[in-house]
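Me: I've got a two-chain model open and I'd like to learn how to read it. Could you take me through the features one at a time?

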Amino acid sequence: MAAERGTAAEALVGQVVLPGDLLLLPAHYDEDAEGERLRLSAGTAPQGRLLCGPGLRRSGAGLLVTKCGLLRHRPAGGGAYWVDSQQKRYVPVKGDHVIGIVTAKAGDVFRLDVGGSEPASLSYLAFEGATKRNRPNVQVGDLIYGQFVVANKDMEPEMVCIDSSGKSNGMGIIGQDGFLFKVSLGLIRKLLAPKCEIIQELSQLYPFELVLGMNGRIWVKAKTVQQTLIIVNILEACEYMTPQQRKQALAKLSGN
Amino acid sequence: FMQRGLDSQTKKQLEEEEKKIISEEHWYLDVPDLKEKESCIIEERSFLQCEDLVYGRMSFKGFNPEIEKLMIKINSKCKEEEIEEDDKMEADVSDEEMARRYETLVGTIGKKFLRKRDQRVLKDDDEDDEVEEGNSNTRPSKRAKKMFLKPQD
């Protein structure tokens, strides 16, 4: 295996990287601290640790790319690098909020389909205000919005519908009616970005309710079936529309 | 084995031999110690830590009021980090009025916790001019503190 000479990480931010690329990090993250405790930091040496996000892996001299996509960087809070890649298949990750469909009730535990390789388990006590006597009213086929508490490749993923302080915080059973559909994971992240234009423009149209799960599932509910379907079509199509096309489409709709 | 009648010397020899055997059997690493390097890189598989993502449940134009309240709460939590200066709210009551209120307030609340006898003293102080006889009767008895009266015989 020929040793590849890597390129500096900062040079590739915003560019396409392929699996196998080696990214070199600036000197203050180097691990050879054998005598060089005095770092004459001429530049701004960021305090704290560097976050190596999805798509990257730590390897001796720097970061190794494992997915193809665009390299992103966030300088705040110690700095973070990650690869912005596109995929449709979801892999459960701890801490993610997802929409799950109840497929079975096995004793005290519900089995949910989250779109991963295994069904996730959800205990009936993991709802706000649930006790042994006071069980949540969950039927097979219900939609549940929760977060992962255990999610690794060796164990079955587990979900809960409360946060660390015991409050439900918007999680739990999603109500009646509405429409559930699946999109790619990249679009979800685009929609969840702060100040997303698509969401802002849609919110001017009609009153509606929206739940976005990180596993690619979106649930929409509006007053009439027609409005719901319009919103669904826009969300599905906006992945491949330019901003101008999207504004045209919305103008036509609000004109109607 | 410690047998009776064994000399202390032979005992010592036996102990030493045992120790030798034990220490030879102990395994040890022949490799030089690896230095623990403190890594400065954390690996993370979640996008939530990298990007600043909004909460996934949203409602617009009043469709679901509870979720709109939740959205405001979560957004205000994020904004709190930015807006730290505008903490002083405009007071409804001015400072001077507040001071005046407090002066009288201390008096009225203080009265509430006085014991019954002390309350009478206060009342007498107030009604100085009106009932003088009552005053003259009660005051000396107040002033002479109630001491224990020894029964005679």
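Reply: Let's start with buried area: that is the accessible area (1.4 Å probe) that two parts lose on being put together, summed over both. Here chain B and chain A bury about 3,800 Å² between them, and carbon and sulfur atoms give 60% of that. B:Ile41, B:Arg57 and B:Phe63 supply 19% of the area that chain B buries against chain A, more than any other three residues. Before we go on, this is a predicted model: local features need pLDDT of at least 70, side-chain atom pairs count only at pLDDT 80 or more, and totals for chains, interfaces and linings use all residues. Residues are numbered from 1 along each chain as its sequence is written, chains are lettered from A and ligands numbered from 1 in the order in which they are written, and side-chain values use heavy atoms, with hydrogens and water left out.

Me: How many residues does each chain bring to the contact?

Reply: Contact means heavy atoms within 4.5 Å. By that rule chain B brings 30 residues and chain A brings 50 residues.

Me: And how many salt bridges cross the interface?

Reply: A salt bridge is a side-chain nitrogen of Lys or Arg within 4 Å of a carboxyl oxygen of Asp or Glu. The rule finds two between chain B and chain A. One of them pairs A:Arg189 with B:Glu51, at 3.7 Å from N to O. On the side of chain B that touches chain A there are 14 nonpolar, six polar and ten charged residues, where Ala, Val, Leu, Ile, Met, Phe, Trp, Tyr, Cys and Pro count as nonpolar, Asp, Glu, Lys and Arg as charged, and the others, Gly among them, as polar.

Me: Which strands join up between the chains?

Reply: Helices (H or I, at least four residues) and strands (E, at least two) are DSSP runs, numbered from the N terminus. Two strands pair if DSSP finds at least two bridges between them. Strand E16 (residues 208–212) of chain A and E2(B) run antiparallel, joined by four bridges. Within that pairing, A:Glu209 has B:Ser59 as its bridge partner.

Me: What is the strand order in the five-stranded sheet?

Reply: The order is E2(A)-E7(A)-E8(A)-E4(A)-E1(B), in an open sheet with mixed pairing. Strand E2 (16–17) of chain A and E1 of chain B are at the edges, each with a single partner strand, so one side of each has no neighbour in the sheet. Inside the sheet, strand E4 (residues 50–52) and strand E8 (residues 80–84) of chain A run parallel, with two bridges. A:Cys52 has A:Tyr81 as its bridge partner in E8(A).

Me: Now single residues. Is A:Thr228 buried or exposed?

Reply: Buried means under 20% relative accessible area, exposed over 50%, partly exposed in between (1.4 Å probe, protein chains only). A:Thr228 counts as buried because its relative accessibility is 7%. You'll find A:Thr228 in helix H3 (residues 225–237) of chain A. Leaving out residues up to four places away in sequence, A:Thr228 touches A:Phe179, A:Val220, A:Lys221 and A:Ala222.

Me: Where is A:Asn152?

Reply: A:Asn152 is in the loop between strand E12 (143–150) and strand E13 (158–160) of chain A. With 35% relative accessibility, A:Asn152 counts as partly exposed. The C-alpha atoms of A:Asn152 and A:Val91 are separated by 9.1 Å, with the two residues 61 apart along the chain.
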